[in-house]
Structure formats: structure tokens, C-alpha cells
Amino acid sequence: MKQGLFITFEGADGSGKTTQLNKIKTFLEDKGFDVTVTREPGALDIGQKIRDILLHCEGNVSDKCEMFLFLADRAQHAETFIKPALKEGKIVLCDRHTDSTVAYQGYGRGQDIELLKKLNSIAVDGLTPDLTLLYDIDTQTAQQRIIREKDRMETAGIEFHKKVRNGYLELYKENPDRIKLINANNSIETVFEDTKKIIIELLKRS
Ligand code: TYD
């Protein structure tokens, strides 16, 4: 695997995707793969500052400001972290990426979807996930799973989160080769088995 593999984890807040990402990290490392875990927003120094504004700003953040901040974080992350890691042959597991922006800022906030897709492609400049795992879950169940204090995005309301879920399902319909749908209503172990099967398939093809 000379070029590495780029795998993104997507889904609602409370879908359990981060738990699965960590389990897959251990699974792959046990098999001897060189794995790097990262996330958006906020993997790097600049991103951490952007993340703080996005998730914890108490003043008004306009929808366009929010959109550009997520994209700015992504541009920096793709160029200075993800691409170099892939060149070194690593498997990069990324908690959220381009699809989050289309689902949250596009379908959720109502920003122009096609424009967002273009802006995403400018931000990442040729970087596309080899695989995207989409953890789909009933919106009510997902919201109930978040027991810690909710951040700015998580308090956006049930209707917003329903739109985000529908957005993700639209993206899945448009990209069935790249995006694999996983039923995240199931137990952690069942979801992990489903995730592993898809990852093993990808490894066989790579
Ligand atoms: P985070 O705490 O990382 O949530 P999670 O553990 O659910 O991934 O917060 C990221 C929040 O930012 C989450 O609510 C989704 C949102 N988000 C967007 O709205 N657009 C984006 O492009 C990205 C990357 C995240």
C-alpha cells in the first residue's frame, strides 16, 4: 500500500462514529498497519482555534462565517496533515470531513449545496476519501445519547438534525461506491462487526 488509505467517518452527533473509529484503529494496528487518527474541525493548532469559535462561541456566528471556518480548517488539515500522511503510506482515519459540511451547512443550515461541493473541492485540492463510513441513526435516539453538555452545533434543534440526517442519506444515494451506510441504531458490537466487514473488503481491494 504505497499511497496510504483515507477513510472518513461521518454521521450525526451521538451516532457513535468516534467509538467505532477508535475500535477500528486498534483492529488495524493489531494487524500491523500504520494508522493515524485525526478529526475535523480542530486537528491542528490553527484548527483548534477555529474549533473553539465554531463549537463554543457564545455570540452570533453567521451561517456564512460558520461555513468558511469549517472550510478553512479543512484546507489547512488536508494540505499540511492528511496528504503528507497518505504519502508516507499511512491509513488515515478521519472523524468527519467534506460530507459533514454538505450535510450540516448545506442540508442543515440551507447553504447552496452545489456551491459547498465546489468550495469543498477547492479546500481539499484533489483529496477524496477511499471510503466513507456513514453511521445512520434515528435523530431522537442520537440526541438522547449525548449526555454531556451539548456544544453550539448540538443545540441547534431536532429539526436541524433531521435535515442533516436526510442530507447524509442524499449523499449516500449520490455516492454509493464511496459511501457505505451502517445502521448505528444497533449495539456497539454489531456496528463494529458491520464496520470491520467493510474495512476488510477495502483492504482486499487495495
Ligand atoms: P465534534 O465534537 O467533533 O462532534 P462529533 O464528535 O459529533 O464529531 O463537533 C463537531 C461538530 O461540528 C458536529 O456537530 C458537526 C459539526 N460540523 C459541521 O457542522 N460542519 C463540518 O464541516 C464539520 C467538519 C463538523
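Modeller: E10 stands opposite L134 in β4. This is a predicted model, in which local features need pLDDT of at least 70, side-chain atom pairs count only at pLDDT 80 or more, and totals for chains, interfaces and linings use all residues. Residues are numbered from 1 along each chain as its sequence is written, and side-chain values use heavy atoms, with hydrogens and water left out.

Colleague: What makes β1 and β4 a pair?

Modeller: Strands pair if DSSP finds at least two bridges between them. Strand β1 (residues 5-11) and β4 have 5 bridges, in the parallel sense, so they pass. A strand here is a DSSP run of E, at least two residues long; a helix is a run of H or I, at least four; both are numbered from the N terminus.

Colleague: Which bridge partner does D136 have in β5?

Modeller: N183 is the partner of D136. β4 and β5 (residues 179-183) also pair in the parallel sense, over 5 bridges.

Colleague: Why is β4 called largely enclosed?

Modeller: Buried means under 20% relative accessible area, exposed over 50%, and partly exposed in between, with a 1.4 Å probe and protein chains only. In β4 (residues 131-136), 6 of the 6 residues are buried, so the rest of the structure largely encloses the strand. In a regular strand, side chains alternate between the two faces of the sheet. Here L131, L133 and Y135 point one way, T132, L134 and D136 the other, and all are buried.

Colleague: Is V37 buried, exposed or partly exposed, and why?

Modeller: V37, in strand β2 (residues 35-39), has a relative accessible area of 33%, so it is partly exposed. Leaving aside neighbours within four places in sequence, V37 is in contact (heavy atoms within 4.5 Å) with L21, K25 and L93.

Colleague: And why does T139 count as it does?

Modeller: Its relative accessibility is 7%, so T139 counts as buried. T139 sits in helix α6 (residues 139-145). Beyond its neighbours within four places in sequence, T139 touches I158, H161, K162 and R165.

Colleague: What caps the N-terminal end of α5?

Modeller: D112 does, with a side-chain oxygen 3.0 Å from the backbone nitrogen of E114. A polar contact is a pair of N or O atoms within 3.5 Å; within protein, one must be able to donate a hydrogen and the other to accept it, and residues adjacent in sequence count only if both atoms are side-chain atoms. E114 itself is partly exposed, at 48%.

Colleague: Which arginine side chains have polar atoms by ligand oxygens?

Modeller: R96 lies at 2.7 Å, R51 at 2.9 Å and R74 at 3.1 Å. Of the 16 residues around the ligand, D13, K17, R96, T101 and Q105 come nearest; near means a heavy atom within 4 Å of a molecule or strand.
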